[in-house]
Amino acid sequence: MNVNILKNRAIEIVILCYALLLMLLVGPVGVLDGSRVTQGSLDHVEETLPVAGQGKIQQVFLADGGYLEKIGIYAVSDFSRKAFRMTVYDELGEVLFSRKVAAEAYEAPGFFYVPVEFDTEPGRAYVWQIGLPETELVFGRQNTADTVAGLYGNFYYVKEGGAPQEQVGENIPISLVYADPVSAAGKAAMMAGIGVVAAFLILLVENSARQQRSGQTVRMQWAVRRVCNPLIGVLTALGLWAVAVLNYYGGKREDKIVYCTGILACGALFAYAVNAKRKDAGAGCGEDGLLLSFLKRLSWERAAGFLQSVFWAGALWGCIDYVNAMYTIYQEYAFRKMLIFLGLALLTMCDRKRLLWIGNPVWLGASAVGGLLFCLLRHGDVEAEKLDRLNVYLLVVAGLVAIQAFYLIRDRRIAWKKLCRPYAALLVVFFGFLIAFRNTRGWPLVMAGAFLLLYFFYLGWNGRGRFLKIFCDGIILNFTAALVFAVLRRPFRAWFFYRYNFVFHTVTVTSAYLALVLGALLVKLLAEYRRSEKLYDWWLTGLLFGTAASLQVMTLSRTGFLAVFVMGIVVLLFVSLACYRENVLHFLKKTGIFILVVLCCFPITYSAIHLIPPLYDDPYIFELEDREGEWAIHKGDPADSENYITFSRFAYCLDVKLFGDEHPILRRFVDKFLAEGSKMDSAAGQEELQVSALWGLTASAAPGTGEDGAPSGVEEDYSNGRTEIFRRYIEQWNLTGHDEMGVELADGSLSVHAHNTYLQVIHDHGLLTGAVYLLTGLVSLVWMFRYAFVRLRSGKDAYAALPLAVFLSFAVAGLVEWLFHPCNPLGFSTMAVLAPLFAFQNGLPRKTRQGDRV
């Protein structure tokens with residue numbers, strides 16, 4: 001932001017930014033889209049017979065076309081927050097909507113609204129039905145002749161076991177809320193108008209600059225401030241207004257305090273990032289302009305490095321899909337995605353001239369034609385066709401990788417002299433044992449082949465010194481994309497899945513992934529803080545670090561807490577005191593700043609996870625999470641729904657998970673400083689009863705339950721039942737391993753895996769492979785410490801601690817979870833960061849740049 005540019009160019013950039021923002025708001029965001037309500041009169045409304053127990057009531061209505069968002073039904077009795085089943089059929093009896101819902105708070109008599117979200121056809125008849133009410137329901141009824149709207153049909157009583165009883169000439173008043181978006185032509189016209197106005201203003205600025213010929217320059221930050229400061233101010237004000245004044249997200253005092261704190265902290269951080277005074281960059285873009293100046297500075301190495309980070313992020317995306325897959329076919333998809341992106345990452349390590357050789361486009365053309373013919377000839381179901389396409393993509397990439405491997409060998413570009421032969425031999429021996437005792441498993445072959453190929457390409461790459469930075473950026477890029485997705489579409493729920501599982505369907509996988517991300521962010525943060533202690537130089541990395549740490553807290557996973565704690569303490573102490581040789585006061589200051597960053601980021605992260613998903617209103621629900629209970633979150637639910645987490649509820653759950661139900665530490669803090677008197681106490685007591693009743697429903701439901709939902713009994717078992725699982729796996733030990741992953745427990749149930757990486761390797765591949773696995777891990781750990789020490793002390797690689805951080809997260813989390821698989825994000829990353837160890841064979845150089853003590 002400190003590049004000097006012509007002032008007229010800066011003004012034009014500001015105009016373009018505002019024009020694009022307005023186009024975005026008018027077009028994709030649809031700020032001008034509204035809703036229309038179709039509703040009859042409420043004259044001469046009487047009461048229906050009560051509906052209770054197994055009884056039902058239903059009514060025909062006529063739609064006038066469009067997307068039906070909500071159905072409002074007029075009720076005489078008050079059953080706010082009471083549960084019932086709502087079903088909507090079309091005239092052919094096809095179910096369009098059916099689930100158990102809880103009525104929103106409303107004032108009876110009056111309309112309560114149920115979000116249904118489906119398209120209707122004009123003039124077509126539909127039927128809504130309500131049944132299985134939690135309490136007795138009484139609706140309003142009227143003579144159809146008394147209403148002015150032509151949308152009503154007759155309503156029916158449906159008694160248990162009986163036929164529907166039609167009430168001829170009578171209806172229940174309803175209110176239909178349809179989406180009323182601006183037409184596509186209208187949006188296009190408005191966007192075109194905005195573009196014309198922006199172009200006219202730019203021409204005026206350009207013409208004025210030609211006449212004055214002043215050549216005045218400003219820093220790029222000048223333009224950024226003019227664009228971002230108003231946006232930050234407006235968004236902060238709107239957020240505070242919605243939370244504190246409109247009570248859009250509910251009226252609980254403790255929630256409003258946390259949300260307002262998060263909004264203010266976020267606004268202050270971005271305002272600082274935009275307005276902080278930075279050093280002058282000196283020479284600017286001159287007459288070249290920003291784009292041309294950027295292109296002049298762009299090199300193949302930089303472009304290839306960026307693409308490689310993107311491909312590493314893509315490979316981790318494939319790993320995320322794999323661990324979320326519920327069926328074998330989806331695992332096959334994800335496995336191929338991971339391999340495709342891994343192959344693309346290998347290609348970025350190759351020489352540009354060799355990538356442009358004629359053989360590559362020939363292979364691309366031939367394989368593309370062959371793949372197209374293959375897909376056309378193999379007609380099958382949708383799932384099989386998708387797998388075929390992925391196989392074709394993988395074949396194309398594999399061919400390109402094979403061509404480049406041939407050139408690496410022919411041109412003798414592999415740096416065999418830099419190979420650490422003892423370590424390479426040990427890893428090859430381990431892969432050999434893994435393959436020899438794979439016991440019907442195919443993934444050990446893929447793991448050995450894929451990662452040995454990575455190490456091979458690494459040895460032939462001139463940019464080996466940049467590998468860890470590029471891979472670290474890939475991890476962070478993957479996390480950033482996942483974070484955007486989660487903030488938009490993964491709400492924080494109050495019931496059943498009250499431990500936030502981010503973009504995964506289990507909290508244990510979430511916590512292991514976040515441990516990986518925190519390791520990468522900690523290494524990057526240490527490197528950036530070492531280079532400059534100015535906040536504006538590392539604020540974005542600090543924000544991501546604090547966000548990841550906050551998400552880890554919200555998982556309520558002791559596995560993640562332990563892994564992050566051990567990894568963080570070891571890496572922070574080792575890098576700061578042993579490698580950088582900082583004095584104690586500087587180390588304590590830095591550690592305090594990092595802790596403060598996390599504390600400041602928690603309300604930002606917590607608020608974003610709650611405030612934004614209801615606005616985006618398109619929750620992504622995994623199949624494992626898909627429940628029809630009234631406590632579930634669905635599209636169209638109001639932002640103040642009790643199904644979204646509250647801070648008092650979160651404090652209760654965190655208290656129980658960390659300290660047990662008898663030590664309400666966080667709840668007392670909330671009661672004393674945030675809640676409104678005794679109101680919080682009664683709410684907490686009610687929540688305690690509700691969560692205790694849910695323990696049997698879910699793996700992450702209640703106090704005293706483990707990661708798999710098993711109740712612990714009177715005294716909590718902090719192993720979450722894993723001790724019994726470990727014992728059963730140890731009883732099955734042999735030298736060669738087993739075909740099946742799981743073992744039968746004492747109660748006859750099946751433990752799918754050992755919840756321990758080390759025990760699982762021994763069970764799957766035998767004691768011999770397990771011994772080599774442990775030896776490889778210990779040697780790798782020692783070599784990682786040495787690699788980080790030498791490279792950091794010499795100043796050759798600021799990211800040299802990344803293998804250590806990743807491996808420690810893997811090793812500690814692996815004590816209570818199975819992670820050793822090429823499609824587990826943490827397992828994949830652990831194998832990838834071994835690459836630099838292959839080319840590391842020296843100790844401290846004779847003259848190590850010691851640097852001054854801080």
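**Close-up views of a predicted model**

View 1. With a relative accessibility of 77%, R412 counts as exposed (over 50% relative accessible area is exposed, under 20% buried, and anything in between partly exposed, using a 1.4 Å probe and protein chains only). R412 has a positive phi of about 55°, although this residue is not a glycine, and its place is in the loop between helix 10 (382-410) and helix 11 (421-436) (helices are DSSP runs of H or I with at least four residues, strands are runs of E with at least two, and both are numbered from the N terminus). The model is predicted, so local features need pLDDT of at least 70 and side-chain atom pairs count only at pLDDT 80 or more, whereas totals for chains, interfaces and linings use all residues. Residues are numbered from 1 along each chain as its sequence is written, and side-chain values use heavy atoms, leaving out hydrogens and water.

View 2. The peptide bond that joins A108 and P109 is cis, with omega about -5°, and P109 is placed in the loop between strand 7 (95-102) and strand 8 (110-120). L132, which is not a glycine, has a positive phi of about 50°; this residue is found in the loop between strand 9 (125-131) and strand 10 (140-143), and it counts as partly exposed at 38% relative accessibility. Most residues other than glycine have a negative phi, and most peptide bonds are trans.

View 3. The strands follow the order 2-14-5-8, and their pairing is antiparallel (two strands pair if DSSP finds at least two bridges between them). Strand 2 (34-39) and strand 8 are the edge strands, and each has a single partner strand, so one side of each remains without a neighbour in the sheet. The pairing of strand 2 with strand 14 (residues 174-180) runs in the antiparallel sense over six bridges, and T38 stands opposite L176 of strand 14.

View 4. The search of the whole structure finds 60 aromatic pairs (rings of Phe, Tyr and Trp, the last by its six-membered ring, pair if their centres lie within 6.5 Å; planes under 30 degrees apart are stacked, over 60 edge-to-face, and the rest tilted). One of these is the edge-to-face pair of Y606 and F647, with 5.5 Å from centre to centre and 85° between the planes. Because Y606 lies in helix 17 (residues 584-616) and F647 in helix 18 (residues 647-659), the pair ties together parts that are 41 residues apart in sequence. Y606 is buried, with a relative accessible area of 0%, and F647 is also buried, with a relative accessible area of 12%. Ring pairs link Y606 and F647 into a cluster with Y248, Y249, Y259, F492, Y500, F602 and F650.

**View 5. R438 and its surroundings bring in residues from elsewhere along the chain.** R438 sits in the loop between helix 11 and helix 12 (443-459) and is partly exposed, with a relative accessible area of 28%. Leaving aside neighbours within four places in sequence, R438 is in contact with P444, L445 and H765 (contact means heavy atoms within 4.5 Å). The C-alpha atoms of R438 and D739 are separated by 8.2 Å, although these residues are 301 residues apart along the chain.
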